[in-house]
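The following note sets out points for a colleague reading this model. Please consult the sequence and coordinates alongside the numbered paragraphs.

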Amino acid sequence: VQVQPFNKLSDTIGGRNLLLGTSNQVVQANNWNTKVADIKYDKSLGGTLCASVMINNADHASWLLQGSAQLNLQTLDKSGNILARASGHYVAYNANGLSWCSISIDDNTSDVQAYIWTNNMNQNAFYSCLKIEKGSIATDWTPAPEDKVNVADMRKPASDVAGIEEVNAKQDTIGYTPADDSKVAHLSGTNNFDTIPTVNNT
């Protein structure tokens, strides 16, 4: 595959995965034309989006057949008509490879869709590391930030957070209660890290 050099005047790099629920686990596409992503376009995404996917068949010997698969990206208007379509390079079935492509989007864009297409209707493809990001250059796969941390779970109302006065009042009154030795796991042996912790000899 010929890789075009980065053009600092026209190429842009995003990095943030705009798709939720992606992973680096291998997934089997259902048929020769499988839609793998469908997102609503938002003007804040920018004027160019890049999609990428790792097509991987190395671990599936029964599928090492002659053929190839590629990623295709297309934009739709509000009526569902295709506005533009871009295609990534084909990846051979018997090898790992990244297929990626970028597409320019305009104010008429309503949806962005990504498909994995094969050049043989009787063959399926396996894929992983699906990503759509801002810009025109594909970057290494990362999950969407929302998949890693639920920000709402990290927040507490102000009433649940101790103020500095409360902390100062309590810091000198905190007592120490020794652990109940009969309920604590103990390690023994020459190298404690090689032994199994037990509680009550169990």
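**Notes on the predicted model**

1. Y115 and W117 are both buried (buried means under 20% relative accessible area, exposed over 50%, partly exposed in between, with a 1.4 Å probe and protein chains only). The aromatic pair count comes to one. The ring centres of Y115 and W117 lie 6.1 Å apart with planes at 50°, so the pair is tilted. Under the rule applied, rings of Phe, Tyr and Trp (its six-membered ring) pair if their centres lie within 6.5 Å, with planes under 30 degrees apart counted as stacked, over 60 as edge-to-face and the rest as tilted.

2. Residues are numbered from 1 along each chain as its sequence is written, and side-chain values use heavy atoms, with hydrogens and water left out.

3. The chain has two helices and nine strands, in the sequence pattern β-β-β-β-β-β-β-β-β-α-α. Helices (H or I, at least four residues) and strands (E, at least two) are DSSP runs numbered from the N terminus. Of the 202 residues, 32% count as buried. Among contacts between residues at least 6 apart in sequence, 77% join residues at least 24 apart; contact means heavy atoms within 4.5 Å.

4. β4 deserves attention: nine of its nine residues are buried, so the strand is largely enclosed by the rest of the structure. S68, Q70, N72, Q74 and L76 point one way from β4, while A69, L71, L73 and T75 point the other way.

5. What are the pairings of β4? β4 runs antiparallel to β8, with eight bridges between them, and L71 stands opposite I116 in β8. Five bridges join β4 to the antiparallel strand β5 (residues 82-87), where I82 is the bridge partner of L76. Two bridges join β4 to β6 (residues 91-92), also antiparallel, and A69 has V91 as its partner there. Two strands are taken to pair if DSSP finds at least two bridges between them. The hairpin of β4 and β5 has five residues between the strands, and G80 takes a positive phi near 90° in this hairpin.

6. An open sheet of four strands has the order β1-β9-β3-β7, with antiparallel pairing. Its edge strands, β1 (27-28) and β7, each pair on one side only. β3 is joined to β9 by six bridges, with A51 partnered by I132, and to β7 by eight bridges, with T48 opposite S104. The covered face of β7 carries G97, S99, C101 and I103, and the uncovered face carries L98, W100, S102 and S104.

7. Which residues have the most contacts inside the largest nonpolar core? They are L73, I116 and I132, in a core of 26 residues. Such a core is a set of buried Ala, Val, Leu, Ile, Met, Phe, Trp, Tyr and Cys residues joined through side-chain atoms within 4.5 Å. Elements giving two or more residues to this core include β2 (33-40), β4 (68-76) and β8 (111-118), while its largest share, four residues, comes from β3. Not counting residues up to four places away in sequence, L73 touches residues including L49, A51, C101, I103 and I132.

Definitions and conventions
This is a predicted model: local features need pLDDT of at least 70, side-chain atom pairs count only at pLDDT 80 or more; totals for chains, interfaces and linings use all residues.
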